[in-house]
Amino acid sequence: MSLAETAPVPPAAPPEPPRLEVQNLTRIFDGQVVLDDVSFSIPAGQVTCLLGPSGCGKSTTLRIVAGVDMQDAGKIFVDGALVCDTVFRVPPERRAIGLMFQDFALFPHLSVAENVAFGLTGPRAEKRARVEELLARVRLSRHIDSYPHALSGGEQQRVALARALAPRPRILLMDEPFSGLDERLRDGIRDETLALLKEEGTAVLLVTHEPHEAMRMADQILLMRAGKIVQRGAPYNLYNAPADRAAAAFFSDIN
Ligand code: ADP
Ligand code: MG
């Protein structure tokens, strides 16, 4: 008998649940179906872009995942554990989900260090070490004691990113996070942001209406229209084989 036949077979590891799983999400406002049976999942460490025109339901999806709005039907799981359905609901602050929005929303009366430390708990020295680590990573160490008004838009964006990542959220939700920035700076900041997200291993759901941004940043794109996901897949699969004319038109203005 060969060694291979006698060696004990290790038990198969159970498959890892996705970091985020959204099942059959439906949201109705004033009789209008704004989200219609939306389902998707995000593996750990991946960036998923929810891409679609204004008004298609992207921000509503994020708000429900964050726990600040509630669905009319559907379920959300984080690491395989139920976070909310229509009767059960883990409060937003206990979901380990980070948020980052277009307007950064830094606290103007707090220093850069205090902003980044805001969501942190634990011993002071550990908090300080995490703040210093992240500020070094976003090249803002020299601004650790500055206040937000003294920073440029791009610098404020990097502080907001450091603040969102500081508590090591299991999922980071980003709603049009670059749209407030100067057009000429955006691609550089997108690339830097993506590099940091990958280093931290954060699972990300990023909302955008710009196909170029989704192509540049996503592992997976969810193409959304009028409350439904009409196509999903790796960026180049969507670009090369759009599901229909409207999807093709949406991608056609990428240069
Ligand atoms: P997107 O982020 O893709 O631009 P939203 O999710 O913000 O779209 O909105 C989707 C639709 O839901 C829009 O028609 C919007 O007017 C409607 N909507 C969003 N929030 C509310 C609300 N609180 N009450 C009523 N209608 C809403
Ligand atoms: Mg929106």
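The tour below begins with some ground rules and then moves through the chain by selection.

**Before you start**

This is a predicted model, in which local features need pLDDT of at least 70 and side-chain atom pairs count only at pLDDT 80 or more, while totals for chains, interfaces and linings use all residues. Residues are numbered from 1 along each chain as its sequence is written, and chains are lettered from A and ligands numbered from 1 in the order in which they are written. Helices (H or I, at least four residues) and strands (E, at least two) are DSSP runs, numbered from the N terminus.

**Stop 1: residues 20-251**

Select residues 20-251, where UniProt, in an unreviewed entry, places the feature "domain: ABC transporter"; UniProt positions are given in the numbering used here, feature names are shortened, and annotations may be inferred rather than shown by experiment. Over this range the chain is 34% helix and 28% strand, and the end C-alpha atoms are 27 Å apart.

**Stop 2: ligand 1**

Now select ligand 1 together with the residues around it, which are F29, D30, V34, G52, S54, G55, C56, G57, K58, S59 and T60; a residue is taken as near the ligand if its C-beta atom, placed from the backbone, lies within 6 Å of it. Which helix gives the largest share of this shell? It is helix α2 (residues 58-66), which supplies three residues. Coloured by class, the shell has three nonpolar, six polar and two charged residues, where Ala, Val, Leu, Ile, Met, Phe, Trp, Tyr, Cys and Pro count as nonpolar, Asp, Glu, Lys and Arg as charged, and the others, Gly among them, as polar.

**Stop 3: helix α4**

Select residues 124-137, which form helix α4; its 14 residues reach 20 Å from the first C-alpha to the last, close to the 20 Å expected at 1.5 Å a residue. The expected span of a helix is 1.5 Å times one less than its number of residues.

Within α4, V131, L134 and L135 are buried. They cover an arc of only 100° around the axis, which puts them on the same side of α4; the arc is that of the directions from the helix axis to the C-beta atoms. An α-helix has 3.6 residues a turn, so residues three or four places apart point the same way. On the other side of α4, A125, E126, A129 and A136 are exposed. A residue is called buried if 20 or more other C-beta atoms lie within 10 Å of its own, exposed if 12 or fewer, and partly exposed in between, with C-beta atoms placed from the backbone.

What covers the buried residues of α4 includes α3 (112-117) and α5 (153-165), where contact requires that the C-beta atoms of two residues, placed from the backbone, lie within 7 Å. Just after α4, look for R139, which takes a positive phi of about 60°.

**Stop 4: helix α5**

Move on to α5, whose 13 residues should span 18 Å, in agreement with the 18 Å between its end C-alpha atoms. Is α5 largely enclosed or largely open? As 10 of its 13 residues are buried, α5 is largely enclosed by the rest of the structure, and what covers these buried residues includes β6 (97-101), α3, α4, β7 and α6.

Select L165 in helix α5, which is buried, with 24 other C-beta atoms within 10 Å. Not counting residues up to four places away in sequence, L165 touches G98, L134, L172, E200 and T202.

**Stop 5: helix α6**

In α6, R190, T193 and L197 are buried, and their cover includes β3 (47-51), α5, β8 (203-208) and α7 (211-217). After α6 comes G201, whose phi is positive, near 75°.

**Stop 6**

Most residues other than glycine have a negative phi, and most peptide bonds are trans. Select D37, which lies in strand β2 (residues 32-42) and has a positive phi of about 60° although it is not a glycine. D37 is partly exposed, with 14 other C-beta atoms within 10 Å.

Finish at E176, in the loop between β7 (171-175) and α6, where phi is near 45°, a positive value in a residue other than glycine. E176 is partly exposed, with 19 other C-beta atoms within 10 Å.
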